[in-house]
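My notes follow, in the order I looked things up.

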Amino acid sequence: MLELRTVTKTVGATEHIRDVSLTLQHGSLNVLLGPTLSGKTSLMRLMAGLDVPTSGSVWFDGKDVTGIPVQKRNVAMVYQQFINYPAMTVYENIASPLRVAGTERAKIDKEVRSAAALLKLTPYLDRTPLSLSGGQQQRTALARAIVKNASLVLLDEPLANLDYKLREELRAELPKIFAATGTIFVYATTEPHEALLLGGNTATLSEGRITQFGPTNDVFRRPNDLI
């Protein structure tokens with residue numbers, strides 16, 4: 001369970017995050033919905049350990065992890081940009097976090113092929129990312145995050161740079177991909193219809209504050225404010 005307890009993040013004279021409290025359960029999909037500069041990325045950076053809150057604390061499974069850096073947390077991130085290792089094959093990209101962790105070769109092969117099958121990447125394992133479509137490149141980044149078996153996976157507008165057809169195709173598949181793991185997923189978007197399609201829970205953000213949090217359908221049926 002991930003808990004943010006009255007978290008505030010101030011940079012200079014600007015409050016990026018204001019007094020946020022939030023609890024996310026294992027196996028849940030949680031959408032952060034808000035316009036640009038509403039605080040979505042800042043909040044994810046605090047969850048990951050990339051930033052430290054000015055006040056408040058971050059807890060994971062009953063342990064205060066506020067001062068623990070991202071390198072020492074079991075966290076994975078997927079960004080808008082297609083971030084892969086261009087000189088490596090898709091197989092090697094997906095396998096990279098397992099190799100860094102010293103996982104034995106047979107287990108690496110099993111995990112990579114399982115993630116590739118889930119993300120429909122099996123035919124492309126011997127190719128390099130730059131030879132793939134944008135959607136396939138983003139699937140590779142997502143497979144690398146999943147194979148890491150992270151306790152928390154943060155997706156910061158991961159479909160924003162895909163064309164419409166690829167975006168709709170991958171968006172329709174994401175809930176099934178998320179359901180196949182017991183991980184806490186946090187997905188940031190500016191698009192209300194994307195939150196509705198993904199389901200799970202939605203937190204609406206405005207000017208660094210969470211204005212509402214709950215099951216996505218409830219948030220849209222009974223909004224506290226305009227989304």
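The domain bounds I use come from an automatic or database domain assignment. The model itself is predicted.

**Entry 1: domains.** I looked up the assignment for the chain. Domain 1 takes in 24-53 + 67-74 + 151-226, and domain 2 is 86-149. I then took the C-alpha centres of domain 1 and domain 2, which lie 23 Å apart.

**Entry 2: the interface.** I went on to the contacts. On the domain 1 side 14 residues are involved, and they meet 12 residues of domain 2. The size of an interface is often given as the accessible area lost when the parts come together. I looked that up too: domain 1 and domain 2 bury about 1100 Å² between them. Carbon and sulfur atoms give 65% of that area. Which three residues of domain 1 supply more than any other three? I found Leu170, Glu173 and Ile177, with 35% of the area that domain 1 buries against domain 2.

**Entry 3: polar links.** I checked for charged pairs next. There are two salt bridges between domain 1 and domain 2. I also noted a salt bridge between Lys120 and Glu173, with the closest N and O atoms 3.2 Å apart. For polar contacts across the interface of domain 1 and domain 2, I have four residue pairs, both residues at pLDDT 80 or more.

**Entry 4: the domain 1 side.** Where do the touching residues sit? H5 gives the largest share, six residues. I sorted this side of domain 1 by class: nine residues are nonpolar, three polar and two charged.

**Entry 5: backbone angles.** Most residues other than glycine have a negative phi, and most peptide bonds are trans. I looked for departures in phi. Lys120 has a positive value, near 60 degrees. I place Lys120 in the loop between helix H3 (105-118) and helix H4 (134-147). Asn149 also has a positive phi, near 55 degrees. Asn149 belongs to the loop between H4 and S7.

**Entry 6: a sheet.** I turned to the strands. Four of them make an open sheet, ordered S2-S1-S4-S5, with antiparallel pairing. Which strands are at the edges? I noted strand S2 (14-24) and strand S5 (63-64), each pairing on one side only. Strand S1 (residues 2-11) runs antiparallel to strand S4 (residues 55-60), and five bridges join the two. I looked up the partner of Thr8 in S4: Ser55.

Methods
Residues are numbered from 1 along each chain as its sequence is written. This is a predicted model: local features need pLDDT of at least 70, side-chain atom pairs count only at pLDDT 80 or more; totals for chains, interfaces and linings use all residues. Side-chain values use heavy atoms; hydrogens and water are left out. Contact means heavy atoms within 4.5 Å. Buried area is the accessible area (1.4 Å probe) that two parts lose on being put together, summed over both. A salt bridge is a side-chain nitrogen of Lys or Arg within 4 Å of a carboxyl oxygen of Asp or Glu. A polar contact is a pair of N or O atoms within 3.5 Å; within protein, one must be able to donate a hydrogen and the other to accept it, and residues adjacent in sequence count only if both atoms are side-chain atoms. Helices (H or I, at least four residues) and strands (E, at least two) are DSSP runs, numbered from the N terminus. Ala, Val, Leu, Ile, Met, Phe, Trp, Tyr, Cys and Pro count as nonpolar, Asp, Glu, Lys and Arg as charged, and the others, Gly among them, as polar. Two strands pair if DSSP finds at least two bridges between them.
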